[in-house]
Amino acid sequence: MPIKVLVVDDSAFFRRRIKDILEKNSELKVIGFADNGQAAVEKVKSLSPDVVTMDYEMPFMDGISAVRHIMADKPTPILMFSSLSYEGARVTLDALEAGAVDYLPKSFESMSADAGMSAKLLQDKVLTVAKSRYQPSNSASLATIKTHEASASSVKGAPISETRESNISVTSPPVEPLTQTKLSSINSERFRLVVIGASTGGPVALQSILTNLPESFPCPILLVQHMPGTFTSAFAERLDRICRIRVKEARDNDEVKPGQALLAPGGMQMLVNENGKNVSIVEGNNKIQYRPSVDVTFGSAARSIKGKILAVVLTGMGNDGREGCKLLKKNNATVWTQDEKSCVVYGMPMVVAKAGLSDAVMDINELANNLKELH
């Protein structure tokens with residue numbers, strides 16, 4: 001039975017084009033259209049689609065407001081369209097926080113031409129969103145975020161401005177729970193660095209973890225989130241506003257220091273320098289699928305800092321991070337992975353756990369709380 005899709009866009013051209021592209025895949029069927037957010041909310045109730053593709057700028061009710069209403073009335077996986085601009089990134093991050101599962105840049109050029117790669121990307125994204133283990137409770141609540149914003153502002157004195165790989169259920173190998181005794185043992189190791197990798201579902205997961213950390217968090221943090229360049233700068237600024245620790249998009253030769261998280265810039269690779277005290281930002285090899293790549297950053301950290309590293313692999317499609325974790329484990333690093341239930345897409349953490357590389361599997365709240373306890 002094909003996956004049922006509701007297409008929401010105020011442009012008749014885009015609605016037709018998206019339908020044409022999606023229905024070239026026999027697994028997908030467009031069952032309806034809406035030309036504004038208000039109509040989308042009603043169509044979700046009446047048609048019960050498996051996935052909604054959602055534009056942002058529309059009359060009567062914008063896309064983010066529509067996402068919030070849908071999540072409150074009839075939670076449904078949503079793929080958000082966005083522009084590859086700073087404003088587009090800001091809007092997309094708002095949509096993800098509101099409950100959208102994933103996003104895709106919207107381009108008149110790729111939609112109007114017979115762009116095979118763009119068409120396949122859209123089809124794959126919709127399939128991934130439909131098959132994701134989406135749970136509305138994973139989304140950070142607005143009230144929680146506002147509380148963190150106020151707290152972070154108070155601490156920093158800064159003003160606050162207004163394709164899961166397939167639908168496969170895999171049982172991870174048994175991993176011992178992280179008991180208080182084990183946590184005490186880990187604390188005694190005094191990690192020199194925390195490295196975190198994520199993809200689909202990662203922005204909300206990272207936000208949940210980082211807003212939980214105190215300003216005095218003792219370890220430097222490196223973040224790798226699969227995102228375009230314009231998005232990582234906006235995401236870093238957003239995290240910096242709502243977190244007590246400092247968060248910034250990494251630049252070449254930035255210092256790796258406690259109380260600060262460096263986010264790998266989109267379209268580039270972030271490497272830990274041999275001295276372990278700075279990062280290099282490079283274009284990297286075009287043959288590597290992801291830029292930034294979790295494997296690249298984890299691997300460079302493994303070579304630079306022996307042992308005293310905690311690696312965390314969060315929700316995401318694919319296997320980026322597995323090879324990096326292998327290198328880290330060879331040098332006696334510790335690896336934590338997010339559990340299947342709390343992931344939007346159980347791909348990246350799954351392959352790490354299946355390879356026997358995970359020291360502990362935890363849900364997102366346990367990860368946040370255990371990371372907070374490191375000292």
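**Cavity, cysteines and a lysine**

Leu-93, Leu-96, Glu-97, Pro-203, Val-204, Gln-207, Phe-235 and Arg-238 line the second largest cavity. This is a predicted model, where local features need pLDDT of at least 70, side-chain atom pairs count only at pLDDT 80 or more, and totals for chains, interfaces and linings use all residues. Residues are numbered from 1 along each chain as its sequence is written, and side-chain values use heavy atoms, with hydrogens and water left out.

Me: What makes Leu-93 one of the residues that line the second largest cavity?
Reply: A lining residue has an atom within 4 Å of a cavity point, and a cavity is a set of points on a 1 Å grid over the protein atoms alone where a 1.4 Å probe fits but cannot get out. Leu-93 is on that list. About 50 Å³ of space lies inside, counted as the space filled by probe spheres set on the points.

Me: Why is Cys-219 called buried?
Reply: Its relative accessible area is 4%, and buried means under 20% (exposed is over 50%, partly exposed in between; 1.4 Å probe, protein chains only). So Cys-219 counts as buried.

Me: And what makes Cys-325 buried?
Reply: Cys-325 has 0% relative accessibility, so it counts as buried too.

Me: Why is Lys-354 called exposed?
Reply: Lys-354 has a relative accessible area of 53%, so it passes the cut-off for exposed.

Terms used:
1 Å grid on protein atoms, 1.4 Å probe; cavity = no way out; pocket = protein on both sides within 12 Å on 5 of 7 lines; lining within 4 Å.
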